[in-house]
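Have a look at the model first, then read on.

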Amino acid sequence: MTIKEYLSQALLLDHMIQGKILLSEDLNRQAMQCGIGTSPGSTGIYAHLSALEAEINADIDRLVALKQKLYALIEGIPDLRERTLLELRYLSSENGKRLTWAQIAQILCYDERWVMRLHLR
């Protein structure tokens with residue numbers, strides 16, 4: 001696994017969690033629309049939803065632990081610019097999406113090409 005792949009794990013795990021949350025919300029909505037909550041066989045559906053929510057919570061715990069580990073790794077980088085760039089690129093997100101190079105450049109008050117070159121170091 002490359003360093004970039006290692007650092008990208010948090011974002012991928014976050015996307016996976018968001019997908020499971022959407023699935024849970026969709027299943028819940030469908031169960032309510034069908035009136036499943038009052039029928040005798042409905043406990044199986046809600047047991048499945050409960051298991052999915054427990055899985056989501058476990059994934060969130062993993063994400064928090066992974067971000068703490070990545071943050072500690074990035075904190076070991078002596079150059080403040082490089083450290084800030086990596087934090088913005090791999091640990092920060094806006095609406096569940098990784099910040100773009102343009103957004104990072106704007107935050108750091110650098111040219112986008114310079115930010116990309118700094119990232120390659």
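Glu 75 comes out as partly exposed, at 35% relative accessibility (buried is under 20% relative accessible area, exposed over 50% and partly exposed in between, using a 1.4 Å probe and protein chains only). Keep in mind that this is a predicted model, where local features need pLDDT of at least 70 and side-chain atom pairs count only at pLDDT 80 or more, while totals for chains, interfaces and linings use all residues. Residues are numbered from 1 along each chain as its sequence is written, and side-chain values use heavy atoms, with hydrogens and water left out.

**Salt bridges**

- The whole structure has 7 salt bridges, each being a side-chain nitrogen of Lys or Arg within 4 Å of a carboxyl oxygen of Asp or Glu.
- Glu 75 pairs up with Arg 83 at 3.9 Å, N to O, and Arg 83 is buried at 17% relative accessible area.
- Lys 20 and Glu 55 make a salt bridge too, with their closest N and O atoms 2.6 Å apart.
- That pair joins distant parts of the chain: Lys 20 sits in helix α1 (residues 3-33) and Glu 55 in helix α2 (residues 42-75), 35 residues apart. Helices here are DSSP runs of H or I with at least four residues, numbered from the N terminus.
- Lys 20 also meets Asp 59 in a salt bridge, at 2.6 Å from N to O. Since Lys 20 belongs to α1 and Asp 59 to α2, this pair ties together parts 39 residues apart in sequence.
- Lys 20 is buried at 15% and so is Asp 59 at 4%, whereas Glu 55 is partly exposed at 38%.
- Lys 20, Glu 55, Asp 59 and Arg 62 are linked in a salt-bridge network.

**Helix α3**

- Helix α3 covers residues 80-91; its 12 residues should span 16 Å at 1.5 Å a residue, and the end C-alpha atoms are 15 Å apart, which agrees. The expected span is 1.5 Å times one less than the number of residues.
- Asp 79 caps the N-terminal end, with a side-chain oxygen 2.9 Å from the backbone nitrogen of Arg 81.
- Buried residues of α3 include Arg 83, Glu 87 and Arg 89.

**Arg 89**

- Arg 89, found in α3, is buried yet has no salt bridge; Glu 112, the nearest side chain of opposite charge, is 8.4 Å away.
- The Arg 89 side chain does reach the backbone oxygen of Leu 99, at 3.0 Å.
- Its charged end sits over the ring of Trp 101, 4.1 Å from the centre (the rule asks for NZ of Lys or CZ of Arg within 6 Å of the ring centre and within 35 degrees of the ring normal).

Definitions and conventions: Helices (H or I, at least four residues) and strands (E, at least two) are DSSP runs, numbered from the N terminus. A polar contact is a pair of N or O atoms within 3.5 Å; within protein, one must be able to donate a hydrogen and the other to accept it, and residues adjacent in sequence count only if both atoms are side-chain atoms. Lys and Arg count as positive and Asp and Glu as negative; His and the chain ends are not counted.
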